[in-house]
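Please open the model in your viewer and keep the selection tool at hand. The stops below go from a pair of helices to a few charged side chains.

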Amino acid sequence: MPTLLLTGFEPFHTHPVNPSAQAAEALHGLTVGDWQVHAALLPVDPGGAAAALTPLLDSLQPGAVLLTGLAAGRPQVTLERVAVNVMDFPIPDNTGQTYRDAPVCAPGEEGAAVPAAYLSTLPLRDLLAAWRDAEVPGSISNSAGLYVCNAVMFHALHHLHRSGRAAVPCGFLHLPANAFLAAEDTRLPYLPQAEITRAVQVAAQTLMR
């Protein structure tokens with residue numbers, strides 16, 4: 001059975017919940033035709049996230065990869081166009097580490113070059129059209145930031161390229177705050193968690209079709 005790997009993140013910083021984790025947990029096991037969603041939660045630190053993600057990419061051999069995370073302050077769901085090989089953290093990760101001008105992936109032992117960036121291999125316009133048809137507010141973002149979300153997107157695309165699976169659709173979806181987080185900080189725009197989960201579900205179903 002072909003698999004779509006769906007990832008979310010654990011809570012981090014001042015956010016007691018993470019909408020990406022709630023969406024991933026809700027959609028684990030979802031099937032469309034012969035496809036099935038396998039959801040996993042990643043730790044909010046680049047080393048731990050890569051250590052969790054790499055064996056999933058290798059063991060599941062997914063036919064598509066949809067990575068998700070929280071972008072508190074954004075008013076809608078956003079598809080990331082590009083991941084860059086830079087970490088420059090505005091806040092510490094969940095291990096307390098802060099990176100400055102550091103690469104996500106350094107050259108290998110053989111000196112193999114690492115690209116400065118990777119473009120998403122998701123069908124971005126098809127996903128936007130599916131959201132529009134489902135009345136989900138969404139857009140394309142041209143910056144995934146320089147925090148752990150960007151690092152995970154870059155790592156996943158780099159690993160797929162190195163493994164000869166560059167054609168596998170893979171990319172990142174940023175989610176807005178949910179109502180729980182907005183109640184904690186009334187300055188945040190938000191969507192209800194059910195709508196956030198529906199946005200991820202529509203994206204996953206579109207990829208699996």
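Select helices H3 and H6, whose crossing is right-handed (the near helix is turned clockwise from the far one by less than a right angle). In this predicted model, local features need pLDDT of at least 70 and side-chain atom pairs pLDDT 80 or more, whereas totals for chains, interfaces and linings use all residues. Residues are numbered from 1 along each chain as its sequence is written, and side-chain values use heavy atoms, without hydrogens and water.

Next, show Asp126, Leu127, Ala130 and Trp131 in H3, which meet Ala199, Val202, Ala203, Thr206 and Leu207 in H6 (heavy atoms within 4.5 Å). The residues of this contact comprise seven nonpolar, one polar and one charged.

Now turn to the salt bridges, of which the whole structure holds five (a side-chain nitrogen of Lys or Arg within 4 Å of a carboxyl oxygen of Asp or Glu). Select Asp58 and Arg165, which form one of them at 3.2 Å, N to O; Asp58 lies in helix H2 and Arg165 in the loop between helix H4 and strand E9, 107 residues apart. Asp58 is partly exposed at 37% relative accessible area, while Arg165 is buried at 12% (buried is under 20%, exposed over 50%, partly exposed in between, with a 1.4 Å probe and protein chains only).

Finally, select Glu80 and Arg74, another salt bridge, at 2.7 Å, N to O, in which Glu80 is buried at 0% relative accessibility and Arg74 is partly exposed at 22%.

Note on methods. Helix = DSSP H or I, 4+ residues; strand = E, 2+ residues; numbered from the N terminus. Nonpolar A, V, L, I, M, F, W, Y, C, P; charged D, E, K, R; others polar.
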